[in-house]
Amino acid sequence: MKLDSAESKGAMEKENPKHWLEPSNLERLRSRLTFQTGILAGFALIASFLLGITNLGTQDAIQQRLDEDLKKSLEEVMPAALHDNDLLKDTLTIPSREDNLGANETIVYIARKAGQVSAVCFKLAAPDGYSGVINMVMGVSREGEILGVRIISHAETPGLGDKIETAKSNWIMDFDGRSLLNLTDPQWAVKKDGGVFDQFSGATITPRAVVKAVHRGLQFFNRHRNELVDSK
């Protein structure tokens with residue numbers, strides 16, 4: 001059965017996109033859930049597209065800044081005279097779940113002089129700071145002596161726990177030259193606990209956490225020493 005002319009005209013108008021854009025039709029569509037959902041989905045799609053474009057445009061710049069910050073931290077615990085290689089490109093990833101360094105795997109940055117490993121540096125964390133996790137980086141010579149320890153980030157109390165920063169005090173420098181050979185296990189503690197490291201007046205928890213973490217860092221190096229020092 002064929003549609004009469006009026007029905008044919010109505011069908012053609014419904015198939016025409018302009019028909020749906022007429023004010024009377026838009027008013028009816030606005031009350032429909034599917035229409036509202038479609039509008040929201042459209043805006044979400046546009047927003048996602050714009051975010052993707054922005055991310056692509058800034059990803060390289062962000063990574064470059066992160067690399068610069070990391071390089072600066074490594075340089076503070078790794079004397080330039082000990083290496084002639086690019087620390088960021090010479091690395092080993094070592095399983096560290098059992099070492100309690102704050103990560104299941106630890107990236108170790110290898111320092112080489114004339115092709116020979118002279119030292120290593122890596123990040124570690126003290127999870128038991130007074131106000132949370134204390135993140136740090138340490139450098140260790142191939143002989144197992146600490147070259148330096150620096151705090152990367154923390155949330156310790158200003159005026160008390162923040163003395164772990166070099167900008168606040170020289171306390172962190174007391175680790176320089178320390179090793180598992182020149183200190184016994186009990187000596188790796190603050191003086192209040194029978195060790196050799198100073199605590200802060202009114203803030204023992206922070207230095208205690210850092211000392212314990214640095215000790216674990218040296219034990220981690222000692223366990224993987226052959227693998228690190230003999231790396232090619």
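Reply: Start with pairing: two strands pair if DSSP finds at least two bridges between them. Strands (E, at least two residues) and helices (H or I, at least four) are DSSP runs, numbered from the N terminus. By these terms, Ala 126 stands opposite Ile 134 in S4. The model is predicted, so local features need pLDDT of at least 70 and side-chain atom pairs pLDDT 80 or more, while totals for chains, interfaces and linings use all residues. Residues are numbered from 1 along each chain as its sequence is written, and side-chain values use heavy atoms, with hydrogens and water left out.

Me: How do you know that S3 and strand S4 pair?

Reply: Nine bridges link S3 to S4 (residues 132-141), in the antiparallel sense. The pairing rule asks for at least two, so S3 and S4 count as paired. They form a hairpin with two residues between them.

Me: What makes S2 and S3 a pair?

Reply: Six bridges join these antiparallel strands, and at least two are needed. One example is Tyr 109, whose bridge partner in S3 is Cys 121. The hairpin of S2 and S3 has two residues between the strands, and Ala 114 takes a positive phi near 55 degrees in this hairpin.

Me: Why is Ala 114 called exposed?

Reply: Exposed means over 50% relative accessible area, buried under 20%, and partly exposed in between (1.4 Å probe, protein chains only). Ala 114 has 67%, so the word exposed applies. Ala 114 lies in the loop between S2 and strand S3 (116-129).

Me: What makes S3 mostly covered?

Reply: Of the 14 residues in S3, ten are buried.

Me: How do you know that the side chain of Arg 178 has a polar contact with Asp 174?

Reply: A polar contact is a pair of N or O atoms within 3.5 Å; within protein, one must be able to donate a hydrogen and the other to accept it, and residues adjacent in sequence count only if both atoms are side-chain atoms. A polar atom of the Arg 178 side chain lies 3.0 Å from the backbone oxygen of Asp 174, so the distance is within the limit. Arg 178 is in the loop between strand S5 (146-153) and helix H5 (205-223).
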